[in-house]
Amino acid sequence: MAGGVLAVRPGLGGVVTAALLAGLILGTLAAVASFAGGLSGLGPWDWRAVWFTLWQAAVSATLSAMLAIPVARALARRRFPGRSVLVTLLGAPFILPVIVAIMGLISVFGRNGLLNEGLRALGLPEISIYGWQGVILAHVFFNLPLSVRLLLQGWQGIPAERFRLAESLGFAPRDITRHLERPMLRAVLPGVWLAVFLVCLTSFAVALALGGGPKATTVELAIYQAFRFDFDMGRAATLGLVQVGLCLGAMALASRFTIPAGFGAGMDSAASLRGPGGWRRGGDALAITLAAGFLLWPMLTVILAGLPRLPALEATVWVAAGRSVIMALVSALLTLALGLVLSLAIARGSAGWPARLIEAAGMLPIIASPLVLGTGLYLILRVWITPGQLALPVTVAINAVMALPFALRALIPAARVLEQDYGRLAASLDLRGWARLRHLTLPRLARPLGFAGGLAAALAMGDLGVITLFASDQPTLPLKLYQLMTAYRMADAAGCAVLLMAISFALFWAFDRGGRLNA
């Protein structure tokens, strides 16, 4: 009896939502290919970009996931003043606008950065941030916080009763690792690795700023070059299809290594995990300190450079900030609505192929190129409305869709636990519809919903992608920052960067606050 009594079919809402998503992603890709008159063949330079994309994404994802394990474990089993603030700050690099974060990395690891100045003072060889090493460094910088937060949720998902039982049985730290932590990691780590791999697979801004040469070009950057310099939409569409194929292959591979932990339900009491003493206490402190220094140092340099300029920013910057906040909030709410429908549908039919197809449709946005998506929507809608009218609504919609895979990675495990632990009880009580959503679903999923909403709002706030395609006279804050940089008003750009970073962080905190109450 495959999947047992819980292997029910997903609801109609999940199927329809998944179909609309797949239609949006694949339809826009087809629109671009149709406009170009077909798919063009790829040359040796394109295949080199494909190879570089694969291996840098694999290395970046593996490093991010492996480095996140000791940091997440240390945060899970240690309590110290300022811990909740540090947990929030560790999430900041992932939600930073990419261009702001790259400014910070260059200020630390660049030729004239603080690190190389120190190496020169010691007579040691300098390091270069440009090339494959810079791309991987930046990807680890962006994705290590996401990995830590997802793994930390995994640790917090182990019922506190299991740890108390282990303590009463006299388990040594290695026994806890074997019987509790490794099963959790087998369930969570493949999803974490996959999320980071897909982010790195579609990397654009990082490769443009720190790579970009023949030996360090990603597929996304090759798509941009095909659009911008060659206007070869057929080649761009072909590269888009290659990217889709690579990501689908990675998703299929990761699903084979995911093994449910099967801890069962607990009493929902606050976790009282007691960390071991001795050298492990020092190791935890070292892991937290190194991670905090690596992630927070670049942001601190940007703040010190831009904060004095903040009061002198012109009025148009503040208007753009207000516009971006409204767009980010709408995008986040749309992401949460889509994510909730899809995750519940996947959880209800977790053992069947319809649920796997729905999950694949939900992950499709992360494998799609925002440039191809925006161009395809423009080609489809240009008959009815002008590009200027498209700029803001299309940006909101694409930001909501692009954030959906991250929301699903946080929601799906919690929704599966909810369905496994309380699905039959709710069915026996005939708890359905709004009553089930209000009294069971939303309270049980509050933590991942808060995290997913914060992530979606912050990513939408810092997005500088689709909006640049439409040359809008109503710029968002990231576009305003870009305009200041291209006008060589670097002091104003630094102040604008600080404002953008502060709003992104505030939005993430506001959504995530409820979910961190027991963190």
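Contact is defined here as heavy atoms within 4.5 Å. The structure is a predicted model, in which local features need pLDDT of at least 70, side-chain atom pairs count only at pLDDT 80 or more, and totals for chains, interfaces and linings use all residues. Residues are numbered from 1 along each chain as its sequence is written, and side-chain values use heavy atoms, with hydrogens and water left out.

The protein contains 21 helices and zero strands; helices (H or I, at least four residues) and strands (E, at least two) are DSSP runs numbered from the N terminus. Of its 519 residues, 51% count as buried, where buried means under 20% relative accessible area, exposed over 50%, and partly exposed in between (1.4 Å probe, protein chains only). Among contacts with a separation of 6 or more, 84% involve residues 24 or more positions apart.

A nonpolar core is taken as a set of buried Ala, Val, Leu, Ile, Met, Phe, Trp, Tyr and Cys residues joined through side-chain atoms within 4.5 Å. The largest such core comprises 140 residues, and the members touching the most others are Leu75, Leu151, Trp155, Leu198, Phe227, Leu477 and Leu481. At least three residues of this core come from each of domain 1 (10-41 + 313-518) and domain 2 (52-261 + 271-307), the domain bounds being those of an automatic or database domain assignment. A second, separate core has 14 residues, including Leu336, Leu344, Ala347 and Leu440. When residues up to four places away in sequence are not counted, Phe227 touches Val32, Met233, Ala236, Leu371, Val372 and Thr375.

Helix H20 (residues 477-486) is mostly covered, with seven of its 10 residues buried. The buried positions of H20 are Leu477, Pro478, Leu479, Lys480, Leu481, Leu484 and Met485. These buried residues pack against helix H5 (98-109), helix H14 (315-348), helix H19 (446-461) and helix H21 (490-512). Tyr488, which follows H20, has a positive phi, near 60°.

The axes of helix H7 (residues 132-157) and helix H13 (residues 279-306) come within 10 Å and cross at roughly 105°. H7 is therefore roughly perpendicular to H13. Axes are lines fitted to C-alpha atoms, for helices over the stretch in contact, and angles run from 0 to 180 degrees between N-to-C directions; angles under 35 degrees count as roughly parallel, over 145 as roughly antiparallel, 65 to 115 as roughly perpendicular and the rest as oblique. In this pairing, Leu137, Val140, Phe141, Leu144 and Pro145 of H7 meet Phe294, Leu295 and Pro298 of H13.

Leu137, found in helix H7, counts as partly exposed at 22% relative accessibility. Apart from neighbours within four places in sequence, Leu137 is in contact with Phe109, Ile129 and Phe294. Leu137 and Leu63 are 74 residues apart in sequence, and their C-alpha atoms are 9.7 Å apart in space. Ser64 lies in helix H2 (residues 44-77) and is buried, with a relative accessible area of 0%. Beyond neighbours within four places in sequence, Ser64 is in contact with His139, Val140, Asn143, Leu144, Ser147 and Val196.

A search of the whole structure finds zero disulfides, a disulfide being a pair of cysteine sulfur atoms within 2.5 Å. Cys200 is buried, with a relative accessible area of 0%, and Cys496 is likewise buried, at 0%.
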